[in-house]
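Here is a short briefing to read alongside the model. Take a look at the structure, then follow the notes below by topic.

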Amino acid sequence: MDVISEKKEEILTLLAKYKFLTVSQLETLGVSSKQYLQKTLKVLRETKLTNRIEYAFTAKLGKFEDIHFLTSRGATAIAQGGIMNIEEIQVPSNSQPIFFNDYVHRIRTVDCQIAFDQWTAQTGRTSVFFECYYHKIGSNRKKAQTGVLQAKTRLYFDDGKYFEPDGVFMYENEQGEKTLATIEICNNRDTKKIENQVKNHLLAFQEGLAKKKYEHDKGNYILFVFSEPDIMKFTIDRLLKNPNILKAEPFLLFKSLKQLEPFGSDWVKLTGEMTALK
């Protein structure tokens with residue numbers, strides 16, 4: 001890594017951590033200006049340390065930002081430089097990943113992870129981990145040795161069924177107390193579907209799936225982030241009609257994507273009361 005500039009190394013390290021990033025997200029992370037980032041990423045692609053997914057303009061959705069990611073060569077460079085262990089580095093298994101239908105959902109999940117990291121750094125907390133549904137373990141080619149390819153966030157029920165939260169994270173406060181949470185990002189307007197997602201999270205919560213998997217001695221927050229504030233309100237209104245869901249009121253929290261920062265504040269309870277993560 002000694003032949004790579006400090007800024008290029010910073011970009012590679014962030015891609016190793018987040019797996020997928022746009023130029024806007026790299027700018028949010030404080031690397032540099034968009035103009036500098038565009039030029040530097042071009043050089044990193046030319047040296048085959050990174051690659052990108054390009055999206056064409058569509059009349060309905062407009063132009064999506066390109067998504068940048070590490071190549072296997074970039075991952076090796078990070079590992080050889082001693083910056084991260086190879087097991088920690090997020091690199092797509094496919095050299096040309098395509099996820100047009102999942103673009104918005106994935107980008108907003110990354111936004112949540114970035115907001116979480118910035119909040120923990122600014123408030124004296126320590127991020128223990130933040131796993132996302134597109135972070136994978138196992139291999140379909142070598143499943144006998146590594147297990148089947150699956151999301152790191154997958155939670156198994158006793159009957160073998162499972163579900164995969166968009167994210168699972170843990171942080172530690174200055175007193176050494178750890179907090180665990182699952183998080184779901186809601187981009188659609190189907191409140192019934194979202195209600196079913198809440199029920200899946202609650203069932204996993206009741207069976208202690210997350211705390212067992214992550215060896216946590218307490219329960220976990222269940223967080224829902226909405227791209228549409230009105231859908232958040234409609235969803236809460238639907239949930240209030242279900243007495244079983246009301247039992248999870250202290251743990252079940254909601255937030256609008258427009259109020260994502262600061263990440264730990266302005267969460268809404270089922271009662272409508274505002275609260276903050278501890």
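**Aspartate 230 and its surroundings**

The side chains of aspartate 230 and arginine 189 are joined by a polar contact of 2.8 Å (a pair of N or O atoms within 3.5 Å, where one must be able to donate a hydrogen and the other to accept it, and residues adjacent in sequence count only if both atoms are side-chain atoms). This is a predicted model, in which local features need pLDDT of at least 70 and side-chain atom pairs count only at pLDDT 80 or more, while totals for chains, interfaces and linings use all residues. Residues are numbered from 1 along each chain as its sequence is written, and side-chain values use heavy atoms, without hydrogens and water.

- Aspartate 230 sits in helix 9 (residues 229-239); helices are DSSP runs of H or I with at least four residues, numbered from the N terminus.
- Aspartate 230 counts as partly exposed because its relative accessibility is 29% (buried is under 20% relative accessible area, exposed over 50%, partly exposed in between, with a 1.4 Å probe and protein chains only).

**Helix 5**

- The end C-alpha atoms of helix 5 (residues 103-122) are 29 Å apart, which agrees with the 28 Å that its 20 residues should span at 1.5 Å a residue (1.5 Å times one less than the number of residues).

**Nonpolar cores**

- The largest nonpolar core has 54 residues, and Phe169, Ile183, Leu223, Phe263 and Leu277 touch the most other members (a core is a set of buried Ala, Val, Leu, Ile, Met, Phe, Trp, Tyr and Cys residues joined through side-chain atoms within 4.5 Å).
- Helix 5 gives the most to this core, with 8 residues.
- A second, separate core of 17 residues includes Ile222, Phe224, Phe254 and Leu270.

Note on methods: Helices (H or I, at least four residues) and strands (E, at least two) are DSSP runs, numbered from the N terminus.
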